[in-house]
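Hi everyone, thanks for making time this morning. Let me put the sequence and the structure up, and then I'll walk you through them.

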Amino acid sequence: CPSSSGKPNHADILLVNLQYVSEVEIINDRTETPPPLASLNVSKLANKTRTEKEEKMSQAYAISAGVSLEGQQLFQTIHKT
């Protein structure tokens with residue numbers, strides 16, 4: 001259904017647990033075909049996944065070495081600049 005936020009490129013999705021439904025009535029049957037799905041940039045997704053994995057592994061190593069949360073945040077700040 002149309003977005004409750006009013007944004008034209010968004011839509012609200014309603015989920016219904018069909019286990020609790022006893023009767024279904026179709027109010028409007030769509031005849032037009034939906035717009036094509038946006039293409040995925042697989043290399044961008046792979047890079048993002050790899051980066052997130054490296055960050056998690058770095059955090060896990062820091063925790064196992066006993067580095068404080070402040071020390072981890074300081075290192076991340078220095079590393080990003």
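Let's begin with burial: buried residues make up 4% of the 81 residues in the protein, where buried means under 20% relative accessible area, exposed means over 50%, and partly exposed is in between, with a 1.4 Å probe and protein chains only. A quick word on what you are looking at: this is a predicted model, in which local features need pLDDT of at least 70 and side-chain atom pairs count only at pLDDT 80 or more, while totals for chains, interfaces and linings use all residues. Residues are numbered from 1 along each chain as its sequence is written, and side-chain values use heavy atoms, with hydrogens and water left out.

Now the overall layout. The protein has two helices and zero strands; these are DSSP runs numbered from the N terminus, H or I of at least four residues for helices and E of at least two for strands. Its radius of gyration is 23 Å, well over the 12 Å from the globule rule for 81 residues, so the protein is more spread out than a compact globule. That radius is taken over C-alpha atoms, and the rule is 2.2 Å times the number of residues to the power 0.38. Along the principal axes, the C-alpha trace spans about 60 × 30 × 25 Å.

On to the helices. H1 has 23 residues, and its end C-alpha atoms are 33 Å apart, in agreement with the 33 Å it should span at 1.5 Å a residue; the expected span is 1.5 Å times one less than the number of residues. After H1 comes Gly-66, with a positive phi near 85 degrees. H2 has twelve residues and reaches 17 Å from first C-alpha to last, close to the expected 16 Å. Of those twelve, the number buried is one, so H2 lies largely in the open.

Gln-72 sits in H2 and counts as buried, at 13% relative accessibility. What does Gln-72 touch, leaving out residues up to four places away in sequence? The list is Gln-59, Ala-62, Ile-63 and Val-67, with contact meaning heavy atoms within 4.5 Å. Glu-70, also in H2, is exposed, with a relative accessible area of 65%.

That brings us to the largest pocket, which holds about 220 Å³ of space. For the record, a pocket here is an open set of points on a 1 Å grid over the protein atoms alone, where a 1.4 Å probe fits, with protein on both sides within 12 Å along at least five of seven lines; lining residues have an atom within 4 Å of a point. The volume is the space filled by probe spheres set on the points. Which helix gives the largest share of the lining? H1 does, with six residues, and H1 (42-64) and H2 (69-80) each supply at least two. Among the lining residues are Gln-59, Ala-62, Val-67 and Gln-72.

Finally, the segment before H1. Ser-3 is found there and counts as buried, at 15% relative accessibility. Beyond four places in sequence, Ser-3 touches His-10, Ala-11 and Asp-12.
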